[in-house]
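Dear colleague,

I am handing over the structure below, and after it I set out what was found, grouped by topic. Please read the notes with the structure open beside them.

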Amino acid sequence: PADVKQVTLEVIARGNTCEPAVMAVDRDGRAVLITFQVTSVGKEHVFLVPELSVRRRIPADNRLDIQVLADRSGIYEYACNSQPFIGPFVATGKLAIK
């Protein structure tokens, strides 16, 4: 829809961490289409934002664009995990949507 705000966020997956550790989006009272540009460095990673139903594998030394439509505010945890079946996550980041 025309009234959806569009935002691009760059994420680097390295080791078991995401950079940056904190990201923020102001949705201006409307839905926002977030494009995560995730680059995996050195080995395959899984990029996860569980509360937004995002779970995607990024091949080693590649970039993948991941889109998600967010229509509510909140603070969401995300992770770049190189060992997708081991938990809890060693390091996570925070995505604030207001």
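Two strands are taken to pair here if DSSP finds at least two bridges between them. On that basis strand E1, residues 5-14, pairs with E2 in the antiparallel sense, and the two are joined over three bridges. Within E2, the residue that stands opposite Ile12 is Glu19. Please keep in mind throughout that this is a predicted model, and that what follows was computed from it.

The open sheet

E1 and E2 belong to an open sheet of four strands, which follow one another in the order E2-E1-E4-E7 with mixed pairing. The edges are taken by strand E2 (17-19) and strand E7 (63-70), each of which has a single partner strand, so that one side of each is left without a neighbour in the sheet. Direction ignored, neighbouring strands of this sheet are turned against each other by 30° on average.

Which residues cover the two faces of E5? On one side there are His45, Phe47 and Val49, on the other Val46 and Leu48, and all of these are buried. Five of the five residues of this strand, residues 45-49, are thus buried, so E5 is largely enclosed by the rest of the structure.

E5 pairs with strand E6, residues 54-58, in the antiparallel sense, and five bridges are found between them; in this pairing Leu48 stands opposite Arg55 of E6. The hairpin that E5 and E6 make has four residues between the strands, and in it Ser53 takes a positive phi near 60°. E5 also runs antiparallel to strand E8, residues 74-81, to which three bridges join it, and there the bridge partner of Val46 in E8 is Asn81.

The aromatic cluster

Phe47 of E5 deserves a section of its own, together with the rings around it. The count of aromatic pairs comes to two. In one of them, Phe36 and Phe47 have ring centres 5.1 Å apart and planes at 55°, so the pair is tilted. This pair links distant parts of the chain, since Phe36 lies in strand E4 (residues 32-41) and Phe47 in strand E5, 11 residues apart. Phe36 counts as buried at 0% relative accessibility, and Phe47, with a relative accessible area of 1%, is buried as well.

Phe47 also forms a tilted aromatic pair with Tyr78, for which the distance is 6.2 Å centre to centre and the angle between the planes is 45°. Here too distant parts of the chain are linked, with Phe47 in strand E5 and Tyr78 in strand E8, 31 residues apart. Both residues of this pair, Phe47 and Tyr78, are buried. Taken together, Phe36, Phe47 and Tyr78 form one aromatic cluster.

Backbone details in the loops

Glu19 and Pro20 are joined by a cis peptide bond, with omega at about 5°; Pro20 itself is found in the loop between E2 and strand E3 (22-25).

Asp28 is found in the loop between E3 and E4, and with a relative accessible area of 47% it is partly exposed.

Asp61, which lies in the loop between E6 and E7, likewise has a positive phi, near 55°, and is a residue other than glycine. Its relative accessible area is 57%, and Asp61 is therefore exposed, the cut-off for that class being over 50%.

With best regards

Note on methods: Residues numbered from 1 in each chain as written. Predicted model: local features only at pLDDT ≥ 70, side-chain atom pairs only at ≥ 80, totals over all residues. Heavy atoms only, no water. Buried < 20%, exposed > 50% of the residue type's maximum accessible area, 1.4 Å probe, protein only. Axes fitted to C-alpha atoms, helices over the stretch in contact; angles between N-to-C directions. Phe/Tyr/Trp six-rings, centres within 6.5 Å; stacked < 30°, edge-to-face > 60°.
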